[in-house]
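Work through the exercises below with the sequence and the structure at hand. Each task is followed by its solution.

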Amino acid sequence: MGQRNDVAESISEIFTRMQEKAAERQRASSSLARTGSELRHDPAAVLRPRRNLLPDRHPTRDFFVADILDWALKDDRHSMEHPIFSLSKNPDRRVRHYEHNGNSVTIKPGADGLATIWDKDVLIYLVSQVVEGLNRGREDAKSRKVRFRVYDYLVSTNRPVGGEHYKRLEAGLDRLKGTTIKTNVVTGGVRIKHAFGLIDDWRIVERSPTDERMMGVEVTLSEWLYNAIVAREVLTLNRDYFRLGGALERRLYELGRKHCGHQPKWTVGMELLHKKSGSSDLLKRFRAAIKRLVLADGLPDYRLKYDSETDQVTFNSKNARVPCASPAEANFSGTQIP
């Protein structure tokens, strides 16, 4: 009985193999027939490699991937002009209001405090990537949603890549989301008069497989900021900006860069500079800090000079190719709401 079963199984296996070989011959025959037809209509087809790629089912994404390696450091002119960011690493929960050339800006912190000038590094990085993407004609750069790898961001902004800095980025994104601005400043030819966040939202799109660190993040830029990007209302910064160790140094460099024109210097009164910087120090302490920075001479591109008789600070270009000047904006007045 067992021998009969073995014979039956062997016959079944032989029959199955015969069917498979017949199917292979049929497929080969069909392929040759198609190839022959292609050659009759297009003899050069035999020289072209056959394409095995699947169709691109999503040619236009609803987000921009910040994966450009060679990009210029960019910052939007409006946040460089107005003292939006806190210069303190301690939570700053004060409401600020500024008037300038008919434009008004009110900055309100969220529950986590006001976004700091260190948090702004995220915006500078994303603005730089989007501007470069638009310059290269990338379709995905037309989206306000930007995805980036946290490691790339940390390296590009001259930060350590330890786990603590992943957590700091998350806290910074919370502050950027919580900080709101009410303004009538024109960006991209559009006057927006409403309250909005520095970013609309953010979310983690990839976590580390070994811990809770966020590896990939998606940020939606505010319409106000994106309008400025599209209108190219941005300025190029020196890469050494990310090497500046002090918040006031960074803010002074921004102001010097913002007020660059076609003259070799920009002179501003100490009281006006104090207001434009957004510093919470008393004026006399601010003046002392400026004097120390004048002696240190550590700003990229610009050298500071203080005149004690006029109580003015002059920004001089260190490089003739990096001019710096515009008339001092004497009608700028800043008040702080208690």
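**Exercise 1: the largest pocket**

Sort the lining of the largest pocket by residue class. Solution: the lining has 11 nonpolar, 9 polar and 10 charged residues. Here Ala, Val, Leu, Ile, Met, Phe, Trp, Tyr, Cys and Pro count as nonpolar, Asp, Glu, Lys and Arg as charged, and the others, Gly among them, as polar. The model is predicted: local features need pLDDT of at least 70, side-chain atom pairs count only at pLDDT 80 or more, and totals for chains, interfaces and linings use all residues. Residues are numbered from 1 along each chain as its sequence is written, and side-chain values use heavy atoms, with hydrogens and water left out.

Next, find the helix that gives the most to this lining. Solution: H5 does, with 6 residues. Helices (H or I, at least four residues) are DSSP runs, numbered from the N terminus.

**Exercise 2: the cavities**

How many cavities of 30 Å³ or more does the structure hold? Solution: there are 2. A cavity is a set of points on a 1 Å grid over the protein atoms alone where a 1.4 Å probe fits but cannot get out; a pocket is an open set with protein on both sides within 12 Å along at least five of seven lines; lining residues have an atom within 4 Å of a point.

H3 supplies the largest share of the largest cavity's lining, 3 residues.

Notes. Helices (H or I, at least four residues) and strands (E, at least two) are DSSP runs, numbered from the N terminus. Grid points are joined across faces, edges and corners, and a volume is the space filled by probe spheres set on the points.
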